[in-house]
Every structure is written in structure tokens, then in C-alpha cells.
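Have a look at the structure first, then read on.

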Amino acid sequence: MAEKELLKRTVYCGLVGEAHSGRTITVYGWVNNMRELGGLSFIDLRDREGLLQIVVNETFPTPDILKDIGKETVLAISGMVVKRSKPNPDLPSGKFEVIASRITILAASEVPPFIPENRSSVTEELRFKYRYIDLRSQAMQQNFKLRAKANLLTRNFLDKEGFLDIETPMLTNATPEGARDYLVPSRIYKGKMFALPQSPQQFKQLLMVAGFERYFQITRCFRDEDLRADRQPEFTQIDIEMSFSEQGELFSIIERLMREIFALRGHDVALPFRRLSYQEAMAAYGSDKPDLRIPYTIQDFTDPASTWNSDLLAATLAQGAKVKGLVIPEAGAFSRKQLDEINETGKKLGGKGVIWMKKGDDGFKASLKIGPEHMAAFFRQQKIDDRALVLLVADAESQALSVAGKLREHLGKNFQDKDRLEFLWVTDFPLFFYNEEEKRFDSNHHPFTMPRPEDIPLLDSQPLAVQAIAYDLVLNGVEIGGGSQRIHDITLQHKIFHMLNLEEKEIDEKFGFFLNALKFGAPPHLGIALGFDRLLMLLSGEDSIREIIAFPKTTSSLCLLTGSPSAVSQHQLDELGIAIKN
């Protein structure tokens with residue numbers, strides 16, 4: 001049948017309902033499955049809205065066409081909508097079926113390498129190589145409908161808040177932001193490079209200098225770094241900057257945006273979000289992105305541990321160690337095998353071992369020689385339930401907190417409420433950390449971050465004690481955004497560059513245009529960047545951002561669909577003035 005003779009689609013397969021009963025409709029879609037039963041043929045037709053059962057009975061005029069139909073064939077089908085004798089409660093359209101009166105094959109399909117709905121049993125490599133088939137599954141279709149809705153909601157929300165959507169360049173200068181840049185060689189200026197932006201940081205600050213006051217952009221960014229489940233070499237972020245404002249106002253805007261985005265999946269997000277300083281987060285959770293769903297925190301048991309008459313603990317404490325502990329509820333019944341596994345896990349996480357303590361049927365026990373009377377007093381004084389398990393890490397304070405924090409996350413997966421959403425602002429980060437490898441100070445966020453005004457006098461004498469007006473937004477143990485107040489004073493910005501060991505020539509080459517702008521009335525401003533992919537990963541309940549990116553890279557930065565990165569011709573290299581070095 002010629003294409004011009006096709007009937008116009010009446011309704012999507014997954015949306016057929018009571019209003020269509022008794023009517024003749026036309027649907028388009030892919031064959032999800034075919035089967036024969038009692039002289040009848042059944043086709044499960046799939047489009048982006050779901051599945052619809054098509055029945056081909058003895059009245060169908062051209063039954064021979066069925067021989068040419070296989071899985072993933074694209075069809076146009078017309079017929080009468082009737083109620084199913086055996087409804088399928090798992091499908092929105094499961095109460096109805098279509099008695100086919102006409103079927104047109106729009107595109108045949110070879111036998112596919114896998115069936116979209118069986119994707120969970122297929123290797124990730126095969127799914128990525130045939131991503132267009134993988135994306136046909138209902139789960140992936142729903143993910144990308146959700147992504148589109150969240151994108152549109154964000155734009156409308158920020159527009160109502162007075163933000164202007166302004167695009168910034170994709171080709172710019174390389175910047176020292178903690179990850180490698182993707183470089184783009186210039187054909188016209190041989191030997192010189194553009195860089196793809198790791199973020200629009202300097203440009204959005206320049207937009208504040210330009211007087212736009214409120215800017216946003218849902219933009220692509222690029223970082224040439226090692227990958228993991230929540231990272232990709234190219235990713236999307238919601239980028240926001242605002243002038244003449246302060247941290248509390250920005251937090252309020254972002255919290256209301258999060259509430260609206262998560263309402264798309266029926267979540268009722270409580271406001272305001274909890275806030276912890278960096279120091280508080282590290283002390284209680286051993287992490288600057290703690291998962292608050294885990295129902296226990298790190299406690300300092302250094303003082304009571306010093307009374308236990310343990311030679312090993314006494315020697316460790318004498319060297320300045322601290323004893324950090326976790327009280328795991330209802331875990332006192334853990335077997336010796338489970339406790340040994342916890343000890344080995346602690347070692348793998350960087351510790352020297354994990355001391356356990358619990359009360360059994362025949363009294364208190366521990367992996368360290370401690371008198372039962374000391375353990376009984378400890379449980380009583382600390383108000384620890386007899387059914388709990390106590391885990392202790394003795395080490396230098398930072399190391400003990402780090403190991404206890406990782407152990408908390410490792411064990412907490414068994415205790416957390418997976419349906420809860422726990423948002424958290426972590427604030428007051430250190431401005432610098434000391435880079436042992438390069439023997440210099442590095443920025444914790446980026447070099448444009450404003451130190452707390454009261455800490456500025458410490459820049460010369462105690463730089464590692466300086467705290468920044470910087471903040472991260474964390475959800476269920478995942479950092480989904482970070483930002484800060486920016487330096488708008490040229491003298492202070494110059495000083496920070498010098499403290500980061502940047503030479504004057506390098507400062508001028510990389511930041512001269514930006515510093516020049518600060519001379520001409522830069523307003524106080526602050527901002528944040530939210531990882532849109534990570535946000536959607538959590539919103540959709542996926543474990544990896546690759547499930548909500550249409551054409552992702554593998555963990556080794558390969559695109560299996562297109563075969564990139566790939567070799568280019570010698571002619572292209574010659575035009576760019578590039579020689580490949582083996």
C-alpha cells in the first residue's frame with residue numbers, strides 16, 4: 001500500500017481506553033511479540049506509550065501478510081476496539097484489544113540481537129552497540145519522557161523566578177578545574193587549541209558583570225577523566241548564577257525546584273533541607289556527602305576506650321589515635337563469619353582492622369581482649385541497646401573517620417529506608433587542600449570561590465584553616481550539585497591565584513580577560529551547578545547515569561554505537577598541523 005494511502009494514527013497503543021471502545025482506530029508501532037492460539041493470531045504492538053494487543057481472527061482479509069511479520073517489524077494496524085475477555089492488569093491498555101481489519105508493513109526487521117524487554121539479561125556492551133534497540137524498551141522510553149518533563153519544568157520554574165536562559169561558548173580556553181580538558185585543535189591557528197568547557201564558570205560570572213543579574217542554562221560540559229557509574233566524559237548540568245543575593249535565597253530557590261522536579265514521580269519533598277557544615281558532616285558521617293537514610297552516625301569513643309585496660313588500644317592511643325565507633329542496631333546476632341568479613345572489609349577500605357563488641361546469650365564478647373565488666377559498663381553508660389553491634393576503628397582521627405564513614409555506607413545499605421529522600425546542604429568547606437603530589441595548595445571547589453570574610457586574615461598565616469562560602473547539595477549519599485559565592489574583588493582574586501602557585505604570565509594568559517572585567521564594577525554574586533544526569537538517575541531509580549543518557553559512553557570512554565574515538569585521515573591531521581606520537 002502506498003504511503004499516501006495510510007490512515008492517520010488515531011491514538012497511541014498504550015493510551016487505548018474506554019473512550020475508544022467500539023470504535024475503529026489506527027495505531028502504529030513495533031511488533032513486541034507474536035503468538036498463535038486456537039486459530040487466532042495475537043500481535044503485541046508497542047509504541048512509546050506502551051503495548052496493545054492486536055487480534056487477527058478468521059475474518060481478516062489478508063492473512064498471508066502474517067508470514068512476513070517478525071519481531072520489531074514496524075506496522076500500521078486498523079481495527080475495532082473491543083474489551084478483552086481476560087484483561088491484563090499490568091498494562092494501561094490491558095482491558096482492551098483491537099480486532100485487526102487492515103495491517104500494513106511499514107518496515108521489516110532482521111532478527112534483532114536482543115529483544116528490548118529482555119534487555120536486563122543482555123550485556124551492557126551489546127546494549128550500547130545497538131542502543132536504538134535498547135531505547136525501545138518501555139523502561140527506557142519512560143526514563144526519557146521523565147527527562148524531557150524535568151527539563152521543561154526546570155526551564156519554566158527558573159523563568160518564573162526571573163532567570164534568563166543564556167547560551168555560553170562551547171569552544172573556549174583550557175582552565176585548571178581539577179580534570180583534564182578535551183582539546184580542539186585550530187585549523188587556522190596551527191599549534192593552538194580550543195578546549196571544550198568543563199563548566200561555563202567564567203562566562204556566567206561575566207554575565208553577572210554584564211548586568212543580567214539572574215542567569216541559567218541547561219548545558220553540556222566535558223571532562224576527560226576516569227569514569228564510574230555517575231560520571232560521563234560529556235554530561236548535562238543546570239547552571240545557575242545570581243547577583244545581589246545571598247546563600248539563603250539561593251538555597252530556597254533550589255529547594256523549591258527540587259520539590260517540583262521530584263513531584264513528577266509522586267514524591268512529597270519536605271522543606272527546608274537539612275544543613276550541616278563540612279566539619280559536622282565529617283565528624284558524624286566520615287563523608288562530605290553522607291547518606292542520611294542510614295540510621296546511625298559515627299561516635300567518638302576515645303575516652304571510654306582508654307579505660308578498658310587493653311594494651312593494644314593503650315599503645316595506639318598513646319600515639320595520638322582516636323577511637324571512632326558505629327553502633328549498628330539489631331546487628332548483635334551477626335555470626336562470626338559476618339564479623340570476620342566486616343574486619344576484612346575495614347582493611348580493604350584503608351583501615352588496620354575493625355574491633356567488634358556485642359552481647360551474646362552468654363555475656364559480652366569482643367574481638368579484642370576486654371574485660372566483660374568494662375564492656376557492660378560501656379554499653380550501660382553509652383545507652384547502647386543489648387541487641388546492637390558496636391564496631392570500632394582506632395587510628396589517626398582523619399583516617400579513623402574515613403574508614404568508619406566508608407564502613408557506615410557499606411553496612412548501611414542493609415538498614416536504610418530505600419524509599420526515603422534525604423536532601424542535605426553541606427556548607428563551609430575548606431577553601432584549600434594541600435596537594436601532596438605537587439606540593440602546593442589546590443582549591444577545594446575552584447579558584448573563584450569566596451573565602452568567608454572573617455577568615456580572610458588567615459590566608460597568609462593559616463591557609464588550610466580558611467573556610468569558603470561554598471556548598472554542596474547531597475541526596476541519599478550522592479552529590480547532585482555544588483556552588484559558592486564568587487570573588488568579585490580583583491585584588492583578592494589575584495591573591496588566590498598566587499596562593500595556587502600560578503605565575504603572573506599564566507594568570508594573564510588564562511584569566512586576563514576575566515580579571516580585566518572585575519575592574520569595571522563586578523557585583524557580588526553566587527551560583528550553583530546541578531548535575532542533571534545524576535538528578536535524573538535518582539529521580540528514575542536507576543543505578544547509573546548511563547540509563548538516562550540517550551547515547552552514553554562506556555566506563556572506558558568508548559562509544560560502541562559509533563566506534564568513537566576513531567582514527568582520522570592523514571589529510572585531516574596535516575590541515576591541523578598535528579603529528580601523531582606513538
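Let's start in a loop: R387 sits between helix 10 (372-381) and strand 16 (389-395). Keep in mind that this is a predicted model. What does R387 touch once its neighbours within four places in sequence are left aside? The contacts are E330, A331 and G332.

Now for the empty spaces. Rolling a probe the size of a water molecule over the atoms shows where empty space is left. How many cavities of 30 Å³ or more turn up in a search of the whole structure? The search finds 2.

| Space | Volume | Lining by class |
|---|---|---|
| Largest cavity | about 140 Å³ | 6 nonpolar, 7 polar, 3 charged residues |
| Second largest cavity | about 50 Å³ | 4 nonpolar, 3 polar, 1 charged residues |
| Second largest pocket | about 600 Å³ | 12 nonpolar, 4 polar, 2 charged residues |

Take the largest cavity, at about 140 Å³. Its lining has 16 residues, and T172, N173, T175, S199 and Q202 are the closest to its centre. Two elements give two or more residues to this lining, namely helix 4 (201-209) and helix 13 (504-518). Helix 4 has the largest share, with 3 residues.

On to the second largest cavity. Which residues line the second largest cavity? They are L6, L7, T26, A76, I77, S78, R102 and T104. Here the lining draws on strands: strand 4 (74-83) and strand 5 (96-107) each supply at least two residues. Strand 4 makes the largest contribution to the lining of this second largest cavity, 3 residues.

The second largest pocket holds about 600 Å³ of space. There are 18 residues in its lining, with Y182, L183, S564, P565 and S566 nearest the centre. Strand 7 (183-185) and helix 15 (570-576) are the elements that give two or more residues to the lining of this pocket. Helix 15 gives the most, with 3 residues. By class, that lining comes to 12 nonpolar, 4 polar and 2 charged residues.

Last stop, a helix pair. At what angle do helix 3 (residues 138-160) and helix 14 (residues 532-540) pack? The angle is about 125°, and the axes of the two helices are 11 Å apart. Because of that angle, helix 3 counts as oblique to helix 14; the cut-offs put roughly perpendicular at 65 to 115 degrees and roughly antiparallel over 145. As for handedness, the crossing of helix 3 past helix 14 is right-handed.

To see who meets whom, pick out N143, L146, R147, A150 and N151 on the helix 3 side. Facing them from helix 14 are F532, D533, L536, L539 and S540. Sorted by class, this contact between helix 3 and helix 14 has 5 nonpolar, 3 polar and 2 charged residues.

Conventions
Residues are numbered from 1 along each chain as its sequence is written. This is a predicted model: local features need pLDDT of at least 70, side-chain atom pairs count only at pLDDT 80 or more; totals for chains, interfaces and linings use all residues. Side-chain values use heavy atoms; hydrogens and water are left out. On a 1 Å grid over the protein atoms alone, a cavity is a set of points where a 1.4 Å probe fits but cannot get out, and a pocket is an open set with protein on both sides within 12 Å along at least five of seven lines; lining residues have an atom within 4 Å of a point. Grid points are joined across faces, edges and corners, and a volume is the space filled by probe spheres set on the points. Helices (H or I, at least four residues) and strands (E, at least two) are DSSP runs, numbered from the N terminus. Ala, Val, Leu, Ile, Met, Phe, Trp, Tyr, Cys and Pro count as nonpolar, Asp, Glu, Lys and Arg as charged, and the others, Gly among them, as polar. Axes are lines fitted to C-alpha atoms, for helices over the stretch in contact, and angles run from 0 to 180 degrees between N-to-C directions. Angles under 35 degrees count as roughly parallel, over 145 as roughly antiparallel, 65 to 115 as roughly perpendicular and the rest as oblique. A crossing is left-handed if the near helix is turned anticlockwise from the far one by less than a right angle, and right-handed if clockwise. Contact means heavy atoms within 4.5 Å.
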